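User: Can you walk me through this model? I'll ask as we go.
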Amino acid sequence: MSTQSPDSNQPDPTRVQAPEAPRVPFGFLAQLWPYLRRYRGIMTGAAAALILTSLLTLALGQGVRLVIDQGILAESIGALNRTLGLVMVLVVAMAVGTFIRFYLVTWLGERVSNDLRADVFSHLVHMHPSYFEENKSGEIMSRLTTDTTLLQSIIGSSLSFALRNLLTVTGGLIMLLVTNLKLSGVVLLGVPAILIPVLWMGRRVRTLSRRSQDTVADVGTYAGEIIRQIKTVQSYARESFEKAAFQREVDEALNVARQRIRQRSILMAVVILLAFTAIAAMVWVGGYDVMTGQMTGGELAAFVFYAVMVAFGVAGVSEVYGEVQRAAGATERLIELLAEPSLITSPAEPEAVNADSPVHLSLRDVTFSYPSRLDRPALDGVTLDIRRGETVALVGPSGAGKSTLFELLLRFYDPQQGTIELLGRDVRRVTLDALREHMALVPQQPVLFSNDVWHNIRYGRPDAPDQAVIDAARAANAYDFIQDLPDGFNSDLGESGVRLSGGQKQRLVIARAILKDPDILLLDEATSALDAESEFQVQRALDKLMKNRTTLIIAHRLSTVLGADRIVVMDQGRVIAEGSHQELQRNSPLYRRLAELQFGERLETVDD
Ligand SMILES: Nc1ncnc2c1ncn2[C@@H]1O[C@H](COP(=O)(O)OP(=O)(O)OP(=O)(O)O)[C@@H](O)[C@H]1O
């Protein structure tokens, strides 16, 4: 057996993610203190009930002594009634105390974990989007659900269980010393013999617990992705492959879990073995003393009562010790996540935009690389002015940086160099809400939430009256198909709008933008093949949406570039040409090639 103390300062290689890990088992409570502090009243009540019930448990030992010495051994029925009556009073008081303690502590656990969950979520919704590229969503979800649930169970039960046991162990030890000094020696030899291996093994359980939680999160991430992409999996007939791959993930999780369970089982067996061996030794010494008249039967009974209490108390602490360690891990991870700052925030002293500025949007020498690909700029020295009311079409080969431009205008990322201005003001100097208030993005892939039509159209303007939503739906040519849905505007669209066709989804998203009524429209034209009728409907909806707005449109159709005031040609993150269709046809070889490839034969018929 190693004698290494669990509190030693040796580095633990499994804890690289949490450099400031608490070294004491209950240290995580300090990190949780801001959350616990709010419920000081409840904690005081719970602590009072906890102390009361522990004291009553200790008093029960004296009750047992009286019942045996004054009642049973004295063969007095009257004394037996009296002493047992006293024991019953103690038991009733204990029941009441237990009710109060359990109620308050469980409620505290629920409140604290809910507060944490809400805080983590509010922190996450403000995080810069690249945070979610660097961190797997399954892992983040696991923090939000598994870790907070773990804390709920720890604060709501295990912690109070551990505290109660610590109190009864301490009180029990004092009572042992008071009752019989010599016998206490036997017990005091036993306690460290139990504690040292328990603490040592608890440390190994903790390490395995952390790994176990990580592997479970991996399993969740894997399953989540496959379920989201189920149609692709099935269309390529990859079910068997995915099943086997998932099985490997599950096996790995199981393997780590098995090691953890084995360690914990050994831990519990060792505790029981050591504890009862110590009790047997004590009963032997005590029995000898009773026989030789050095102590009464009642004293021995009380002594055994306290010793068993101490033994079970120690066992109880060891049982939840691993769990408390897991809670420490969960707390670290949550606190870590909450401490992660968002890289995109509103300025402390925001400035107002210049509403009269003729230039609506302007990019000055903007260079930007995605955090995961710093070596290769997605935008490279882009300078572009977009005047109020202008429609600008962006064209360029795939990967040219067109969508990236949109992401920067919406300030999902900040450029490494150069500035982006909205109405003459650097976007970093206006609040995020004010900036995004001006814009609506209609992405190539329409995004819908699993809720009803009302909710989805209202998303950009939650306070819009019903009539405004209906008008927006009409303007987006969506009204008729919405009316045909089973519950009209109240119809639930299913997750991500699975119950709608591509063209229908697009028109709902256009209705959302119409209702928001932004002065700048960022439009990523759909390339997905819509049938002629759908395309016509979507196009008509878009025409209405673009009217009287500044529009930046990633163009995939000839009609769009022809209808634009200006066409901007991009390639490899640079703006390489600007002008009208005719000018670019003459001056830009890339545009000519793109026009031929992308817009096909239709070009010749329309061009002349
Ligand atoms: N989240 C991301 N992380 C890292 N690199 C990215 C990310 N998004 C895009 N890129 C890279 O940035 C470059 C520009 O991509 P972008 O999506 O802006 O091109 P695009 O012109 O919109 O292309 P497409 O017409 O195919 O949508 C590409 O090389 C792409 O691989």
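Analyst: Let's start with Glu134, which is found in helix α4 (residues 130–134). Helices here are DSSP runs of H or I with at least four residues, strands are E runs of at least two, and both are numbered from the N terminus.

User: Is this predicted or experimental, and how are residues numbered?
Analyst: The model is predicted: local features need pLDDT of at least 70, side-chain atom pairs count only at pLDDT 80 or more, and totals for chains, interfaces and linings use all residues. Residues are numbered from 1 along each chain as its sequence is written.

User: Back to Glu134. Buried or exposed?
Analyst: Glu134 counts as exposed, because it has 9 C-beta neighbours inside 10 Å. The cut-offs use C-beta atoms placed from the backbone: buried means 20 or more others within 10 Å, exposed means 12 or fewer, and partly exposed is in between.

User: How far is Glu134 from Pro371 in space?
Analyst: Their C-alpha atoms are 8.8 Å apart. In sequence, Glu134 and Pro371 are 237 residues apart.

User: Next, Glu242. Where is Glu242 found?
Analyst: Glu242 is in helix α8 (residues 239–291). Glu242 is partly exposed, with 18 other C-beta atoms within 10 Å.

User: What does Glu242 contact, leaving aside its neighbours within four places in sequence?
Analyst: Ile226 and Val233. Contact means C-beta atoms, placed from the backbone, within 7 Å. Glu242 and Ile226 are 16 residues apart in sequence and 7.8 Å apart C-alpha to C-alpha.

User: How is the chain divided?
Analyst: Into domain 1 (26–339), domain 2 (356–438 + 520–528 + 549–608) and domain 3 (446–517). The bounds come from an automatic or database domain assignment. The C-alpha centres of domain 1 and domain 3 lie 50 Å apart.

User: How many residues are in the largest nonpolar core?
Analyst: The largest nonpolar core has 68 residues, and those with the most contacts inside it are Ala393, Leu394, Val395, Ile510 and Ala511. A nonpolar core is a set of buried Ala, Val, Leu, Ile, Met, Phe, Trp, Tyr and Cys residues joined through C-beta atoms within 7 Å.

User: Which helix gives the most to this core?
Analyst: Helix α15 (residues 502–516), with seven residues. This core draws at least three residues from each of domain 2 (356–438 + 520–528 + 549–608) and domain 3 (446–517).

User: What does Ile510 touch?
Analyst: Not counting residues up to four places away in sequence, Ile510 touches Val442, Ala476, Ala541, Leu542 and Leu545. Another core, of 58 residues, lies apart from the largest one; among its residues are Leu32, Val105, Leu108 and Val271.

User: Which residues of helix α1 are buried?
Analyst: Phe28, Leu32 and Tyr35 are buried in α1 (residues 28–36). Down the axis of α1, the buried residues fall within an arc of 15°, so they line one face of the helix. The arc is that of the directions from the helix axis to the C-beta atoms. On the other side of α1, Ala30, Trp33 and Pro34 are exposed.

User: What about the backbone: what is the phi of Leu423?
Analyst: Leu423 has a positive phi of about 45° although it is not a glycine. Most residues other than glycine have a negative phi. Leu423 is in the loop between β4 (417–422) and β5 (425–426). Leu423 is buried, with 21 other C-beta atoms within 10 Å.

User: And Asp365?
Analyst: Asp365 has a positive phi of about 50° and is not a glycine either. Asp365 is found in strand β1 (residues 359–368). With 12 C-beta neighbours inside 10 Å, Asp365 counts as exposed.

Note on methods: Two residues are in contact if their C-beta atoms, placed from the backbone, lie within 7 Å.
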